[in-house]
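Dear colleague,

I am passing on the structure we spoke about, together with some notes on what came out of going through it. Please have a look at it below before reading on.

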Amino acid sequence: MGDSKESGAESPPAGAAAREGLSLLSQGESEEPSAQGSALFLGGNEVKSRAVVKYSSAPPRTAFARLEEKTDLKLPPANWLRESAKLGPAGTTILGNSKKSKPFSSFGMAYDFIDSVGNDVDVVSDSENIKKLLKIPYSKSHVSMAVHRIGRTLLLDELDIQELFMRSSQTGDWTWLKEFYQRLIDQKWQRKKKSKEHWYQKAILSKFLYYSINGDGAAQPVPSAAEQQESSSSDQTNDSDGASWPAPFEMPSSVSEDPSASSQGLKNDFVRNILWTFEDIHMLVGSNMPIFGGGRYPAVSLRLRDNNKPINVLTGIDYWLDNLICNVPELVMCFHVNGIVQKYEMIKTEEIPNLENSNFSTKVIKDIAQNILSFLKSNCTKEGHTYWLFKASGSDIVKLYDLTTLCEETEDKYQNPFTMPVAILLYKVACNMMMKKNQNKKHYGTIRTLLLNCVKLLDKSRHPQIIASANYMLSELFQLDEPKKEESSESPLNENSDESYSEEEEEMPDSDENGSYSTSSDPSDDNKAVAIIKSVGELSVPEKYKSIHQIRPSCTFPVCHDTEERCRLVLSYVLEGLKSVDSSIKKESDLPAADPNTPIPLKYEDESTRGGPEGLEKQMALFLDKMGSLQKGNYSSQSGMIPGSWQHKMKLQLILKSSKAYYVLSDAAMSLQKYGRALRYIKLALQSHDTYCCLCTNMLSEVLLFLSQYLTLCGDIQLMLAQNANNRAAHLEEFNYQTKEDQEILHSLHRESSCQGFAWATDLSTDLESQLSVSCKCYEAANEILQFSDLKSQNPEHYVQVLKRMGNIRNEIGVFYMNQAAALQSERVVSKSVSTAEQQLWKKSFSCFEKGIHNFESIDDATNAALLLCNTGRLMRICAQAHCGAGDEFKREFSPEEGLYYNKAVDYYLKALRSLGTRDIHPAVWDSVNWELSTTYFTMATLQQDYAPLSRKAQEQIEKEVSEAMMKSLKHCDVDSVSARQPLCQYRAATIHHRLASMYHSCLRNQVGDEHLRKQHRVLADLHYSKAVKLFQLLRDAPCELLRVQLERVAFAEFQMTSQNSNVGKLKTLSGALDIMVRTKHAFQLIRKELVEEFDQPKSDESTPAADSSPSLNREEVVKLLSIFESRLSFLLLQSIKLLSSTKKKTSSNTEDDAVLKTNKQIYSQLLRATANKNAALLERIDVLVHLLDQLARGGSGVQ
């Protein structure tokens, strides 16, 4: 095993070389890893050993001085006991290199190499402890070690029972352990003093090492007896000091702020920290063994042996393991007799197991190591517990006790001095894992277990900072900002959440059920020992405890089945953190008293100021002032926290976390339509944020964005509450309910702030207008926040959403005021003029629509802008309708105000169409706007036609305006597209044609003079009548309208006949009129069908009308139209008979005319008889007419 790497691995002495940065020194790791991974082949037995120096404070190696033969080692060298960088602690603190371990030495290393703990490394310990464990089967000496588990790592420390009980007798600590020890293990315990021989050997070794680095060989006078005694006593003192037990451990308050800070009693004092891989076991080992080099020997260890005493197995294992751990290829042995140097001997590391009298199998050592690790890992399963591995001197039985469980019986867990170091280490390992950006969620279970065990160990009153920080980290494990991904992420998270503990999935039975190390026959041991190795010989059996250490500890991450459960867990941790912070600041009795000069704000005052929109405006102004002051960094805390203190920083983080959790809860409740609960949660979120604002000295843009999101959600909730007023009682009950946890969090918030900053936004009002106003103000506030900094450009999506919501709520409020105005209008007496209240409502509504349109236009939302323009058009129509009610109904004319508002409505509808551009943008909206525009034109034309403003305009001008408006209405009335609105469009178009035809018919009747104009009106009337008929025939539910149009056409024909002079012309016109009569058969059939359905329906089902039944038939109108039809048909038949008869007398007989005359006479006769029967039912009369029309159609009445 070459050691060319060692010189590169050890750094030059740097004085107080920054221990906090130990893991950063990577020379030992980067240089020649292959040289450190050599395999040793020893006597047919193969073991694999690899050592990586993680840190070294030793100076560059120098050659040792070979002492002259006969050198007397009893004489001290000149440099004896002076501090030497070459020897390190091996020469100064304790005589010799077998430096006694400090009780917390493994914790010092673990703090420095936190990355390795809990994951990669199996064992962290002093090399002396490792050697002691591996020598258990060969040695009769006692073993006493404290074992702690952190993740998959075990920390081993010497537990010096003698020193512990000496301390117990002085301070009273650990008395419970002393009693337990005396009762079960050593009933006659007393402190064993070390022999003079022991101190003699220590002193001579120390002098030998100083001679070896001194090189001059000059002996110094032996100190006087008094000096020697003083030196001896100081040595003993140093020895005991090195292993002294600190009082119950107190961690400095800086620990959570500076994780790398070393604490008293937990310093890493080793010259080297080595990552040693022995077979498949990874160990972080501390060593102080001096290593020499130079010349022919690049790296050697130096040993002193008494020539009279042969090397035994224990010494051989000791030397071999030291060289393996430090990667030293050779051993230099100096032999002496009674302190006089005799000779030197070089031994290769791989030859040590084959030395005479020291022969041992490396394979057995490997088996011992694997068995001990398996035994410890399978039994030391509880993190935070202190286990005690004990073997009495001369005994073959090894026992493992759980000291934490034993200590709990004393009702003071803090008597265990390991409690604090373990808790701090758990905390540090968790911190380290949390800080890794690439950390997979599968490790969250491990982190959670570490933190929970840390909190369990600590006293809340003594260590509030660490508890608060641990609880905050626990809350951070739950991702609040990814509620949608929860289900998908849970599955891998729970499959491998604790992969760092064990590579194997297989679970093994608990240790005390496994026959490999069952408890002894002593019943008292059964009760106290966690596990027992009945004979140390078992440790030499290969794979005796194989796989037992693969037991998988329970540290799975909890599965949160829904968002509320996850948030509740987060809030429980936040609450614990807040309690820790609050307990460290001041007790409640110490809170500042109320200022007698400051009035206490009363609740009713708040209610009055928030009563309406005016109060809201004041609240908003105050809010915006506050936001402005936040930018300047104003700070106000009622509890007296100092800005920058750990309490201040931690409380800020915890409060922010609580506000996020409440926001997510509110969002979840919103999606479940639990609006009262959602408002309660968003109120708590905003109260948390208000407190955060009071404490914060420098508001981050991220936090302002959160506030904008909270207010946006609050606006959504208030809007939904306004729209679901029918369930108000249930919402109110949900809003007023509060859990104990929420109350306690709120109590912590009230220590810092009144939490009233957002009260205006979170009150549950019973007034619809107030709710809509609050919702609008929430969105406005959210928008204002985005304007404060560059948030608008950084978060364009959120900005667009806020503006969309502002546009939407303004539309809602505008519609609300518009409907109120319409309601006032319907209640108003017709003759009265427009009230001031109505006008105010119009103004409010118009203002809201205008602002909403501006919101949508600013984000290029053409569709919504068009909808708001459409609503504004509707508002203008309501204004027009309000003005039409004024004045006497009989003298009523279409007023200029009506015309003004209708034209404004038209303008807004046209703007809406221009906003959309084409129908393809949004067909439904486009069709809706077109329909409203058509309706406006139609209403305007109808009103001008029915209430012609003849006092202001000429008849011709009115007719022209009506005609233009009707044609525009037709233009925007789509009769061809198949849709749900198509029948309405067809009916509208038919009505327009009917009205136009009637208007031209009327003009023709009343007009004299201009023949060209008369002819034009005649053509237009005929054209519109025919179009109206065609459209009405397409509709199944307008038979009366069709009949009326046909009757008007007959009247039009009769009017034309009056101006004709020749019989031939009159006959032709009569023939056309009778043809129209025949074609009304379709209308009568529709009327008959509806009458039959009405007659049959009560018989079949009186309660349920037909599913697709059209509006019920107006019987009065049908009777009226029927009577007119009968009279006109009678008149036309009579005129036809008269004309045909007179024509027959004058001209020769015409067979065709004769037949027509005969048919007409028969029909006329039947019609007279039918009309004479006054008692005939409506259905009978219709049947008669349909029959007569059939005869007329067949009889060739001259119908072409």
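**What was found**

Leu867 counts as partly exposed because its relative accessibility is 34%, which falls between the 20% under which a residue is buried and the 50% over which a residue is exposed. This leucine, Leu867, sits in helix 32, which runs over residues 862–884, and although Leu867 and Ser928 are 61 residues apart in sequence, their C-alpha atoms are 9.0 Å apart in space.

Please keep in mind that this is a predicted model. The protein chain has an average pLDDT of 76, with 74% of the residues scoring at least 70. Over residues 1–45, however, the pLDDT is below 50, even though the model gives this stretch 100 contacts beyond near neighbours in sequence. Residues 547–553 also stay under 50, and there the model has 25 contacts beyond four places in sequence. Where pLDDT is low, the predicted coordinates should not be read in detail.

As for the chain as a whole, 52% of its 1200 residues count as buried, and its secondary structure comprises 43 helices and 14 strands. Of the contacts with a separation of 6 or more, 77% are between residues 24 or more positions apart. The accessible surface comes to about 54400 Å², and carbon and sulfur atoms hold 50% of that area.

The largest nonpolar core has 172 residues, of which Ile150, Trp388, Leu425, Ile682 and Leu711 touch the most other members. Helix 24 (residues 701–723) gives this core its largest share, 13 residues. Another core, of 72 residues, lies apart from it and has Val962, Ala965, Ala1083 and Ile1163 among its members.

His731 belongs to helix 25, residues 728–736, and counts as buried because its relative accessible area is 5%, under the 20% cut-off. Leaving aside residues up to four places away in sequence, His731 touches Gln673, Tyr675, Gly676, Leu721, Asn724 and Leu764.

Finally, I looked at helix 37, whose 24 residues (1011–1034) should span 34 Å at 1.5 Å a residue, and whose end C-alpha atoms, being 35 Å apart, agree with that expectation. The buried residues of helix 37 include Arg1014, His1017, Ala1021, His1024, Tyr1025 and Ala1028, and among the elements that cover the buried residues of helix 37 are helix 36 (982–1006) and helix 38 (1039–1058).

With best wishes

Key:
Residues are numbered from 1 along each chain as its sequence is written. This is a predicted model: local features need pLDDT of at least 70, side-chain atom pairs count only at pLDDT 80 or more; totals for chains, interfaces and linings use all residues. Side-chain values use heavy atoms; hydrogens and water are left out. Helices (H or I, at least four residues) and strands (E, at least two) are DSSP runs, numbered from the N terminus. The expected span of a helix is 1.5 Å times one less than its number of residues. Buried means under 20% relative accessible area, exposed over 50%, partly exposed in between (1.4 Å probe, protein chains only). Contact means heavy atoms within 4.5 Å. A nonpolar core is a set of buried Ala, Val, Leu, Ile, Met, Phe, Trp, Tyr and Cys residues joined through side-chain atoms within 4.5 Å. pLDDT is the predictor's confidence in each residue, from 0 to 100. Accessible areas come from the Shrake-Rupley method with a 1.4 Å probe; for residues, only the protein chains shown count as cover.
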